[in-house]
Amino acid sequence: MGEKHLIVSGLELWQWRNAATQAAIATDVPRTEVDWLLQEVAGLDRLALRLESFKNWPQIQMQLPLIELDRLWQRRLNERLPVQYIAKATPWRQFKIAVSNAVLIPRPETECLIDLAVASAGNASGHWADLGTGSGAIAIGLADILPNATIHAVDRSVEALAIAQANAQNLGFADRIRFYQGSWWEPLTFLKGQFSGMVSNPPYIPTSTLPSLQPEVVNHEPHLALDGGADGLDCIRHLIEISPSYLQPGGVWLIEMMTGQANTVRELLQNQGSYCNIQIHSDLAGIERFALAYKS
């Protein structure tokens, strides 16, 4: 497809935006998504969109042809394709993280994991693990806020790792993050007992509730990153059981979980016997979403 397919007139784009906004309202999709998408794929800024000044521009360079943008927008409306997968990116902390349907879209609430990690880090250097890295967002957040640490990012999915590595490269963290394909701690046995901290946003949705999630999530995001087994706690149980042999004394154990899981997770950590100073933290909406503990 030649370059000329990527040039549209301001008027064409203005007309498309009006039609797309009307369709969003009619199908109960947030109309703000139209402008966010145009910022991403047409490089328009908020002011140009608000004043509609771009309407008079003779040509606008697009990242994809208008016909393709429209096809994807129809999928957003009809199939509930997440807008982040259309733009192939999402804002997260101060970064723009590339995403595809091979990875979970990083959520705003997960940003709190990074703040909790830095607040809890007695040893902000040494080795830190991001288990189930997906897009690489958590690993990048850790590398950014713990400049003296080496981050080890693990994922089972080869496709996810490719995206995570590209994100680390593009955002300037390639030399600080090491990537491994495998399950949880398995690729990191050579550093057993040496980790200052571990952070994970594991799959935590009970299998039976998956179908009731928003269609954007259940129909388009990878189930490998969502399905936590019968009670949603399979992966979390595994991380509670296995992590003590990888963490050094005082090492940080930190995960994200689902509303309603806090009491069970606290109990599992207590019963395991290798953790102390177990804490539950809420996200900005007041939901108990994070569990933090230290290796005794």
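Which residues does G251 touch, not counting residues up to four places away in sequence? Hi everyone, let's start there. The list is F195, S196, A293, Y294 and K295. Before going on, please keep in mind that this is a predicted model.

Staying with G251 for a moment: this glycine sits in strand β9, which covers residues 247-256. Its relative accessibility is 0%, so G251 counts as buried, the cut-off being under 20%.

Now let's zoom out to the whole chain. You can see 11 helices and 11 strands. The radius of gyration is 21 Å, close to the 19 Å from the globule rule for 296 residues, so the chain is as compact as a globular protein of that length.

What about contacts and burial? Among contacts in the chain with a separation of 6 or more, 65% come from residues 24 or more positions apart. As for burial, 52% of the 296 residues count as buried.

The accessible surface is about 13,500 Å², and carbon and sulfur atoms account for 51% of that.

Last, the charges. There are 22 positive and 30 negative side chains. How far apart do the centres of the two sets lie? The separation is 3 Å.

Key
Residues are numbered from 1 along each chain as its sequence is written. This is a predicted model: local features need pLDDT of at least 70, side-chain atom pairs count only at pLDDT 80 or more; totals for chains, interfaces and linings use all residues. Side-chain values use heavy atoms; hydrogens and water are left out. Helices (H or I, at least four residues) and strands (E, at least two) are DSSP runs, numbered from the N terminus. The radius of gyration is taken over C-alpha atoms; the globule rule is 2.2 Å times the number of residues to the power 0.38. Buried means under 20% relative accessible area, exposed over 50%, partly exposed in between (1.4 Å probe, protein chains only). Contact means heavy atoms within 4.5 Å. Accessible areas come from the Shrake-Rupley method with a 1.4 Å probe; for residues, only the protein chains shown count as cover. Lys and Arg count as positive and Asp and Glu as negative; His and the chain ends are not counted. The place of a charge is taken as NZ of Lys, CZ of Arg, CG of Asp or CD of Glu.
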